[in-house]
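This report describes selected features of one structure. Please keep the sequence and the model in view while reading.

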Amino acid sequence: MSEFLTLPPQKIKTEEMVLNMGPQHPSTHGVLRLELVLEGEVIVDVKPHVGYLHRCFEKHCEALTYQQIVPYVDRMDYLAAMGNEMGWAIACERLMGIEVPQRVEYIRVIMAELQRIASHLVAVGTYGLDIGAFTPFLYCFRDREKILNLFEITCGARLLYNYMWPGGLSHDIPPEFSRLTKEFLSEFKPVVKELNNLLSYNKIFIERTANVGVLPVEAAINYGMTGPNLRASGLKWDLRRDDPYSVYDKFDFDIPVGQGWHGKVGDCWDRYYVRLLEIEQSIRIIEQAIDQIPEGDVASAIPKRYKPPVGHIYARIENPRGELGYFIVSNGSQQPARVKVRPPSFISLGVMGELCKGHLVADVVAVLGSIDIVLGEVDR
Amino acid sequence: MGLLDQKFENENIVITNLEDLLNWSRLSSLWQVGFGLACCAIEMMATSASHYDFDRFGVIPRPSPRQSDIIIISGTVTLKMATRVKRLYEQIPDPKYVISMGSCANCGGPYWEHGYHVLKGVDRIIPVDVYVPGCPPRPEALLEGLLKLQEKIRNESLVRNAS
Amino acid sequence: MTFEEIKNYIAEHYPSLSDLDFDKSASDKALEVTADKLIDLMSVLYADSALKMDNLILISAVDDFNGEKIIIEDGSTVMKGGTLSVYYHLESLSLRHKFNVVVRVPRESPDVPSVTFIWGGANFNEREGYDMIGINFVNHPNLTRILMPYDWEAGYPLRKDYKNPEFYQGMKVPY
């Protein structure tokens with residue numbers, strides 16, 4: 001022992017330690033396995049191992065018709081099922097050249113924005129949970145239940161809806177929907193402030209997240225980051241404004257970007273806070289849309305037979321986690337020849353190694369929570 | 001509860017038999033492995049959170065399987081995950097119970113036909129006590145599944161198990 | 001710029017890439033390129049100041065299923081010949097235009113050069129293309145299976161002639 005202590009430091013043999021995190025780990029948001037390569041407590045590399053929830057979505061698409069795929073689309077990003085359906089419906093409508101009625105477009109926008117709020121509430125709540133704050137989680141889920149109730153009176157389901165079909169909607173909204181939505185919004189508006197007081201400006205929370213996992217904007221673009229993760233790095237890029245789909249060009253809303261409020265631009269706190277600001281913008285969009293819903297039929301444009309022309313198409317929307325795209329190859333039959341999804345979480349996960357390098361082990365959880373992945377979409 | 005009825009006046013004594021006491025204590029603090037698999041995990045989280053409050057049945061998520069009593073298989077078990085689920089189950093100390101939540105864990109669900117990488121039912125690798133149907137089941141359904149499990153534990157007998 | 005403008009720009013400024021042709025069957029257009037010219041084209045698209053395709057949206061591998069179908073004795077189809085394709089969807093965030101490129105490679109030797117050294121985001125996309133369709137991305141830093149288990153031996157599941165195994169590690173796979 002004494003002999004060992006007298007050795008000069010450079011003679012001591014050291015090697016990197018490999019630590020497995022997951023697939024069963026309370027902070028991996030599902031079944032993700034991270035292989036951490038450590039030097040002491042400092043991270044040298046993080047290798048994500050995914051596929052523990054690979055449910056063969058793309059194989060199912062090749063065996064099912066276009067409308068049969070809608071329920072499977074729900075089950076990809078199960079926190080934002082309305083957004084997934086909207087993307088699929090828009091992709092199919094572009095492929096088949098269907099014009100949908102204005103009423104459908106407005107209802108879709110309202111549903112997608114309500115879903116964005118619900119999804120961001122889960123993201124914010126579980127992020128607090130990861131960092132060690134349990135209470136915000138309960139507050140977020142309390143308000144999420146109210147949104148789920150709105151979905152439930154519309155289409156009967158709480159989580160996976162099968163609501164937006166290519167060409168229309170499965171049900172019209174019930175007559176009391178706009179009154180209930182307005183009630184919800186007036187109740188919900190003070191909650192964002194409440195969340196700020198509970199979590200955002202908490203000293204411990206800022207210490208844990210500010211200046212951690214900084215993603216410069218060039219790297220964010222190069223790694224294909226989209227959505228709140230890209231905006232937190234400072235780039236004003238939102239498909240709702242920059243590549244407008246549906247009726248988003250009729251509404252007035254801001255695109256919040258990261259400004260380095262408590263540290264560098266693009267750190268974990270920015271990514272967290274951009275989501276909170278987006279909740280406020282979604283409220284604005286719903287408030288504008290809810291009064292403008294035109295009258296009409298929601299099922300008139302649903303085609304009886306789906307036989308799109310031969311070709312391929314890429315359609316994309318802004319989902320709560322980023323750019324969700326569908327690449328459909330049609331061979332003219334009732335089933336698509338190939339469907340490839342651009343899953344925002346899957347591509348965001350590719351940057352984990354870069355973000356964690358040089359940080360401590362405890363920061364992995366903070367970084368992973370801040371890029372907000374859903375494993376159902378990573379693995380499909 | 002059944003035990004408090006027989007409480008003597010002004011005394012801190014309860015008369016019961018050992019079997020009832022063990023079953024009662026076992027069923028009222030079922031700690032679950034804090035472990036979610038897929039979409040159903042979100043409903044499981046909603047069940048634990050404010051509105052439905054799983055805690056009132058004594059169900060608390062524990063991060064480690066070695067300190068848990070039940071495991072809720074909440075979602076699709078894929079082939080890649082199946083060996084890990086089995087390992088988790090083996091780590092739970094006896095007596096242990098399994099709730100299979102949702103169609104995917106029951107029988108493969110919507111992925112039964114073309115799911116080349118989906119295990120068609122978690123009961124192919126571990127024994128299941130309660131199946132909760134639904135895709136995903138509502139939180140009320142999961143609560144009912146838990147009540148069914150409690151009923152099962154309440155009627156367990158040490159003597160019959162030993163024979 | 002629109003798709004045609006970008007294509008004409010490339011043909012005008014880079015003569016070595018001028019003989020490329022449209023993928024004619026498409027509703028979204030894509031520029032068809034051979035595998036050996038892919039890196040040249042991608043470097044131009046990324047670096048040219050008038051194009052600046054800084055964002056790689058998606059890489060999708062597709063089984064074209066256009067070869068000779070042979071029915072073997074147990075009734076299943078095996079494909080011989082034909083092509084596999086890889087579609088690249090590119091976008092410029094600063095100049096606000098999009099562009100699509102497609103590479104077709106023979107089914108028997110699906111070698112496509114990797115573009116990970118241009119776009120970091122290509123890494124996972126290409127691994128998925130290898131895992132699902134079996135495209136061999138040459139020079140990829142870590143071309144291993146990503147979604148399927150590492151010891152999966154039954155082939156590439158999204159090929160149309162894929163046949164699922166009966167058992168995996170002692171677990172029955174079919175219903």
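A residue is called buried when its relative accessible area is under 20%. The model discussed here is predicted.

## Helix 5 of chain A

Helix 5 of chain A covers residues 102-131, which makes 30 residues. Of these 30 residues, 28 are buried, so the helix is largely enclosed by the rest of the structure.

From first C-alpha to last, helix 5 of chain A reaches 43 Å, close to the 44 Å expected at 1.5 Å a residue. Just after this helix, Gly132(A) takes a positive phi of about 120°.

## Helix 6 of chain A

Helix 6 of chain A comprises 21 residues, 135-155. At 1.5 Å a residue it should span 30 Å, and its end C-alpha atoms lie 31 Å apart, which agrees.

## Nonpolar cores

The largest nonpolar core contains 207 residues, and Leu45(C) and Tyr88(C) have the most contacts inside it. Helix 5 of chain A gives the most to this core, contributing 15 residues.

There is also a second, separate core of 20 residues. Among its members are Leu30(B), Cys40(B), Leu143(B) and Leu149(B).

Leu18(B), Leu21(B), Leu22(B), Trp24(B) and Leu158(B) make a nonpolar surface patch of about 420 Å². Helix 1 of chain B, residues 18-28, gives the most to the patch, with four residues.

Leu21(B) is located in helix 1 of chain B. Its relative accessibility is 36%, so Leu21(B) counts as partly exposed.

Note on methods
Residues numbered from 1 in each chain as written. Chains lettered and ligands numbered in written order. Predicted model: local features only at pLDDT ≥ 70, side-chain atom pairs only at ≥ 80, totals over all residues. Heavy atoms only, no water. Helix = DSSP H or I, 4+ residues; strand = E, 2+ residues; numbered from the N terminus. Expected span 1.5 Å × (residues − 1). Buried < 20%, exposed > 50% of the residue type's maximum accessible area, 1.4 Å probe, protein only. Core = buried A, V, L, I, M, F, W, Y, C linked by side-chain atoms within 4.5 Å. Patch = residues over 30% accessible without salt bridge, like charges linked within 9 Å, V, L, I, M, F, W, Y side chains within 5 Å. Areas by Shrake-Rupley, 256 points an atom, 1.4 Å probe, with all protein chains shown as cover. Salt bridge = Lys/Arg side-chain N within 4 Å of Asp/Glu carboxyl O.
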